[in-house]
Amino acid sequence: MSPCGKLNRQLQEGGEMKQELVEEGSRCSILSKQHRFNEHCCIRCCAPFTFLLNPKRLCLDCQYNVCKTCCTYNKRDKAWLCSACQKGR
């Protein structure tokens, strides 16, 4: 593939990722307005939190509670990041 073709593909993928992040942000905004939703369920996948099996973790960037499958630990910041914020970095 030519360098121009690669660049066009990367720009298109970047635009798609940006759209995904915008949609994810809108979904989170709607869910967070539900009374205390995020205290009991993951804002990303809606899985319920449990004390031992699926504890909630606070995302450093967006400040939403997320489950263990929807976040990763950032060693540099020594904090948890949800999958959407991780993509946005």
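Aspartate 61 forms a salt bridge with arginine 89, and their closest N and O atoms are 3.1 Å apart. This pair connects distant parts of the chain: aspartate 61 sits in the loop between E1 and strand E2 (65–66), arginine 89 sits in the segment after H3, and 28 residues separate them. By salt bridge I mean a side-chain nitrogen of Lys or Arg within 4 Å of a carboxyl oxygen of Asp or Glu. Helices (H or I, at least four residues) and strands (E, at least two) are DSSP runs, numbered from the N terminus.

Before I continue, a word on the model. It is a predicted model, in which local features need pLDDT of at least 70 and side-chain atom pairs count only at pLDDT 80 or more, while totals for chains, interfaces and linings use all residues. Residues are numbered from 1 along each chain as its sequence is written, and side-chain values use heavy atoms, with hydrogens and water left out.

Let me turn to confidence. pLDDT is the predictor's confidence in each residue, from 0 to 100. Its mean over the chain is 78, and 64% of the residues reach 70 or more. Where does pLDDT stay under 50? That is the case over residues 2–8, for which the model has one contact beyond four places in sequence; contact here means heavy atoms within 4.5 Å. Where pLDDT is low, the predicted coordinates should not be read in detail.

Next, the overall architecture. The chain contains three helices and four strands, and along the sequence they follow the pattern α-α-β-β-β-β-α. Of the 89 residues in the chain, 28% are buried. Buried means under 20% relative accessible area, exposed means over 50%, and partly exposed lies in between (1.4 Å probe, protein chains only). Among contacts with a separation of 6 or more, 23% are between residues 24 or more positions apart. The accessible surface of the chain is about 6,500 Å², and carbon and sulfur atoms account for 58% of that surface. Such areas come from the Shrake-Rupley method with a 1.4 Å probe, and for residues only the protein chains shown count as cover.

I return to the charged pairs. The structure holds three salt bridges. Side chains of opposite charge can pair when their charged atoms come close. Arginine 89 also forms a salt bridge with aspartate 77, with closest N and O atoms 2.6 Å apart. This second pair likewise links distant parts of the chain, since aspartate 77 is in the loop between strand E3 (71–74) and E4 while arginine 89 is in the segment after H3, twelve residues apart. Through shared partners, Asp61, Asp77 and Arg89 are joined into one network. How accessible are its members? Aspartate 61 counts as partly exposed because its relative accessibility is 37%. Arginine 89, at 45%, is also partly exposed, and aspartate 77 is partly exposed at 29%. Elsewhere, arginine 36 pairs with glutamate 39, the closest N and O atoms being 3.2 Å apart.

Which residues does cysteine 42 contact, leaving aside its neighbours within four places in sequence? They are Phe37, Ala47, Phe49, Asn65, Val66, Cys67 and Cys70. In helix H3 we also find alanine 84, which is buried because its relative accessible area is 14%. Its C-alpha lies 8.6 Å from that of cysteine 70, a residue 14 positions away in sequence.

Phenylalanine 51 belongs to the loop between helix H2 (37–40) and strand E1 (57–58), and it counts as exposed because its relative accessibility is 74%.

Finally, the backbone. Most residues other than glycine have a negative phi, and most peptide bonds are trans. Cysteine 46, although not a glycine, has a positive phi of about 70 degrees; this cysteine 46 lies in the loop between H2 and E1. Glutamine 63, in the loop between E1 and E2, has a positive phi of about 65 degrees.
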